[in-house]
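Let's read a fold together, one feature at a time. Here are the sequence and the model.

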Amino acid sequence: MKTFKHILPFLLALLVLAGCEDDVNYTQGTAENPDCYGVYFPKKQATRTDLEFEPGTQTEATYTVKRRNTVDPIVVPVVVKSNVENIFVVEPIAFDAGEDETTFTISFPGAQMGTTYTCDINIEDPRYASIYGADKVNLSISLVLAKWELVTDEKTGETKGRYRDDILGNFASINNPNANPNPEIELEIYERSDKKGYYRMKAYTPELMNIFAGGQVNHENRNVWTYVDASDPNKVYYPYQSTGLTLFADMGEWYIASQTPENFAMDESAGQYGTLKNGVITFPAQGIVLEPSEGEYAGKFFYANANGLQRIMLPGARV
């Protein structure tokens, strides 16, 4: 049996409210087009917007687009910016009559290894996108082609590290004597060849979930990579990313991030980051946040790593 723990529905607004003087010369804004199609990019995409591929493995990515007015068949005009050397080729966004969701493909056949490319796709025409609504009408893509190498301990030849989780147990209690709120699994860890200390691993697997829940919780998992940036061993953090894990159907996929300036608009302080020492990565208590992608808590961040037990051990590391 599972219990959702409302531990701290702390919304990280992280906004700076700027004061302003009253504008005595008020000018009325442009009115919304009453026939606007209301096209937008969903906040949560099945495909990451910060793309990382090994050379030769993939030359395109697919994204979802939605709309609110579904009466007509349309092709959405977009404005493509920051597309240096026209690396990104953007497929037209087309909807059939009555269709409220579609996909389009971005290809990048000319990308070279080791270079980071960016591309901004904007829907600016007020006939197609709302002027004042909260819908997301721009999609920012970054891409880097890089090789990944299996981390291996030079002394022992070990190729398996360990991942201990202190995120899931902060969010849900499992009333089962076989459950473990801090599951730990062995796993392979890969390091990016051109960015030492930047790791990826398959962490949120069925194995980890079964240890956590004692086999008592239904879940879905997209088997995505979990990334950790330890390129500076004194400033280790989780980039904002999906775990690929859906534990409660009405809350969608879970996203995680370290509370650091790399992820949020906040000042830097020493206590925000994790550290890498002697092959062991640890994180400060409550230094990681968890975000559901759907339902009433979408857009709100919950403290995770409450006990400070989140830990990654590289192959050959000992505690």
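**Reading strands and their partners**

Helix 2 (residues 206-213) lies across strand 13 and strand 15, running at about 165 degrees to strand 15.

Q: What kind of model is this, and how many helices and strands does the protein chain have?
A: Good place to start: this is a predicted model. The protein chain has two helices and 27 strands.

Q: How do I read a sheet, and what is the strand order in the open sheet of five strands?
A: In general, strands of a sheet pair through backbone hydrogen bonds, either parallel or antiparallel. Here the open sheet runs in the order 15-13-27-24-23, and its pairing is antiparallel. Strand 15 (184-187) and strand 23 (275-277) are at the edges with a single partner strand each, so one side of each has no neighbour in the sheet. From one strand to the next, the twist averages 15 degrees.

Q: Which residue stands opposite Gly161 in strand 15?
A: That is Leu187. Gly161 belongs to strand 13 (residues 161-164), which pairs with strand 15 in the antiparallel sense over four bridges.

Q: Which strand pairs with strand 12 (residues 148-150)?
A: Strand 16 (residues 189-192) does, in the antiparallel sense over three bridges. Leu150 stands opposite Tyr190 there.

Conventions. Residues are numbered from 1 along each chain as its sequence is written. This is a predicted model: local features need pLDDT of at least 70, side-chain atom pairs count only at pLDDT 80 or more; totals for chains, interfaces and linings use all residues. Side-chain values use heavy atoms; hydrogens and water are left out. Two strands pair if DSSP finds at least two bridges between them. Axes are lines fitted to C-alpha atoms, for helices over the stretch in contact, and angles run from 0 to 180 degrees between N-to-C directions. Contact means heavy atoms within 4.5 Å.
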